[in-house]
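Subject: A structure to look at

Hi,

Here is the structure I promised to pass on to you. Have it open while you read, and follow along as I go through what was found.

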Amino acid sequence: MKRYSIKVKFFAAISAVALVFIGVLIVLNVFFYDDYYMMTRRSELKSTYQLIERLYTGDVTGISSALDSIESRSAIRLAIVADDGTVLYTSALLPEESEPPVKPENGAGRPYGIGAVFPDFWSQRVRIQNILVSALEQAGWGQTDLSGYTFTTVSLHENEQYLCLVGAFEQGGCLVAYMPYAFIEQNSSFNLLFLLIAGGCALLICLACGYFVSRQFTRPLIEMGQIANDMAKFDFTKKYEGPEFDEIGQLGQSINRLSTYLEQAIGELQQSNTQLAQEIREKERIDNMRREFIVNVSHELKTPIALIQGYAEGLTAGVADDPEDRKYYCDTIADEADHMNKLVMQLLNLSKLELGAQQTYYDDVDISALFAEAVRKTAVLCESRGLRVSYQTDAPTVHTDSDLLEQVLMNYLSNAIRYTRDGGQIVLSASAAENGVRLAVFNEGEGLPDEELPKIWEKFYRTDHARSRENGGTGIGLSLVRAIADTLHGTCGAENTENGITFWFEVPGAPDTEQNP
């Protein structure tokens, strides 16, 4: 099915209205103009008779100028006839050439009793004489007493007819006012022709105006339709910029508000979807890390449990009869139980820190003494691998929780010992920060890829996926550091440096309200 634009429909509607209007005018002119025109001519003849009746006092000379004026501004011809039939006035006759008229030859030459004066032109005299005679005869002049006025139609020849009014005067005599039908028909033809020409011009003007108006009315609608199509494609940049003084402008402003609301709502929805997708990916990542952590913890617990079970069964079976062997078995069981205990305690501490259940005890902590104690505890491990450990002896003092800060330092130092090559160097230092003190642990080595630096603080994350009891952690040590940083309102981080990597921990002074019991 063929579709037309609203502009074409609007233009067609205006054109149809114009055609109907002009057609109605032509129909009314063709079928009713003649009757209306005859009615106005009769009314004009009547008005002329009434005017002359008021002016006429029995003397034609006194009103001759008025009669000339009436004839000059209308198509009406006038004649005043006395009671005895004498023509007292007509614009086509001269008074000094008066002679009594007679009826035409078909009247057998019988005198009609009406004296008249006609011009020298015989044909005009005969025509006017015949008009007057016929009009007076049809009106009954001389046969009955004439009062008021009457209309008659005089037909001289086949194509020569006159509309006549014969009206009596109170002072005597009568008025004959007449006009030719040819003039009436000619005026009607001219009027119809002019109406057709004017109608055609008016139609062209209406079509031009209709095209312009249809463009003016449909242009904003087309623009709004384009804006709506762009909105359907999630493009909300275009706005309606037309005036707001009519319903179309108000509709455009409503579309603008709808576009703004949709853009905002869809933007919020997209933002929510993006956030939800990120949360889903984060959850999936954490789930994967949790599963990996379970595998790691299971592996970490599997070995000591197996050793404890094996050595305990050996003791029960009496395999170790020698006191030295029994001592070795018991020491191994104790070491493995201690390893499991440390792992479980790390998990418990991490949970308490994340839940905010960890109590803090603030006091002044000597960073240099803290460094010395950490180095002493790990001296055996460092000496066995030839590691060179140095620390700052003039480090500043900070007011914080000493136990939590010690856990941070031991985790950093343990990682440094684990990943420093044999014979390498480890440096412990401290410096004043903007709001507290920054501790740093540097160890020689390869460092970490830059993309992994933000991930090492996440729970359950391990950079070393190889399962080695000697060189593999559980993946929660640095998570503990980050949890402690949150608890102490500090920050932590790591950065690759020349020939190694540096882990730092910045701790502020004590907060306004200390969490002491």
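Leu404 touches Leu353, Gln358, Thr360, Ile484, Thr487 and Leu488, leaving out residues up to four places away in sequence; contact here means heavy atoms within 4.5 Å. Leu404 sits in helix 9. Helices (H or I, at least four residues) and strands (E, at least two) are DSSP runs, numbered from the N terminus. Leu404 counts as buried because its relative accessible area is 2%. Buried means under 20% relative accessible area, exposed over 50%, and partly exposed in between, with a 1.4 Å probe and protein chains only. Thr487 is 83 residues from Leu404 along the chain, and the C-alpha atoms of the two are separated by 9.2 Å.

Before going on, please note that this is a predicted model, where local features need pLDDT of at least 70 and side-chain atom pairs count only at pLDDT 80 or more, while totals for chains, interfaces and linings use all residues. Residues are numbered from 1 along each chain as its sequence is written, and side-chain values use heavy atoms, with hydrogens and water left out.

Helix 9 (residues 402-419) lies across strand 11 (425-432), strand 12, strand 13 and strand 14, and runs at about 15° to strand 12. For angles, axes are lines fitted to C-alpha atoms (for helices over the stretch in contact), and the values run from 0 to 180 degrees between N-to-C directions. An open sheet of five strands has the order 9-11-12-14-13, and its pairing is mixed. Two strands pair if DSSP finds at least two bridges between them. At the edges are strand 9 (388-391) and strand 13 (491-497), each pairing on one side only. On average, neighbouring strands of this sheet are turned by 15° against each other, direction ignored.

As background, strands of a sheet pair through backbone hydrogen bonds, either parallel or antiparallel. Strand 12 (residues 436-444) and strand 14 (residues 500-508) run antiparallel and are joined by nine bridges. Here you can find Val437 opposite Val507 of strand 14, and Arg438 with Glu506 of strand 14 as its bridge partner. Strand 13 also pairs with strand 14 in the antiparallel sense, over seven bridges. In this pairing, Glu495 has Thr502 of strand 14 as its bridge partner, and Thr497 has Gly500. The hairpin of strand 13 and strand 14 has two residues between the strands, and in it Asn499 takes a positive phi near 70°.

How many of the nine residues of strand 14 are buried? Eight of them are, so strand 14 is mostly covered.

That leads to the cores. A nonpolar core is a set of buried Ala, Val, Leu, Ile, Met, Phe, Trp, Tyr and Cys residues joined through side-chain atoms within 4.5 Å. The largest one has 45 residues, and those with the most contacts inside it are Ile367, Leu405, Tyr412, Trp457 and Phe505. Helix 9 gives the most to this core, with nine residues. Another core lies apart from it and has 20 residues, among them Tyr49, Tyr56, Val60 and Leu163. Beyond its neighbours within four places in sequence, Phe505 is in contact with residues including Leu405, Val408, Tyr412, Val437, Leu439 and Ile484.

Elsewhere, take a look at Ser259, which is found in helix 5 (residues 247-317). Ser259 counts as buried because its relative accessibility is 1%. Not counting residues up to four places away in sequence, Ser259 touches Met231, Phe236, Lys238 and Lys239.

What about the cysteines? The structure holds zero disulfides, a disulfide being a pair of cysteine sulfur atoms within 2.5 Å. Cys164 is buried, with a relative accessible area of 0%, and Cys382 is buried too, at 5%.

Finally, the whole chain. The chain has ten helices and 14 strands. Of its 517 residues, 37% count as buried. Among the contacts with a separation of 6 or more, 64% come from residues 24 or more positions apart.

Happy exploring!
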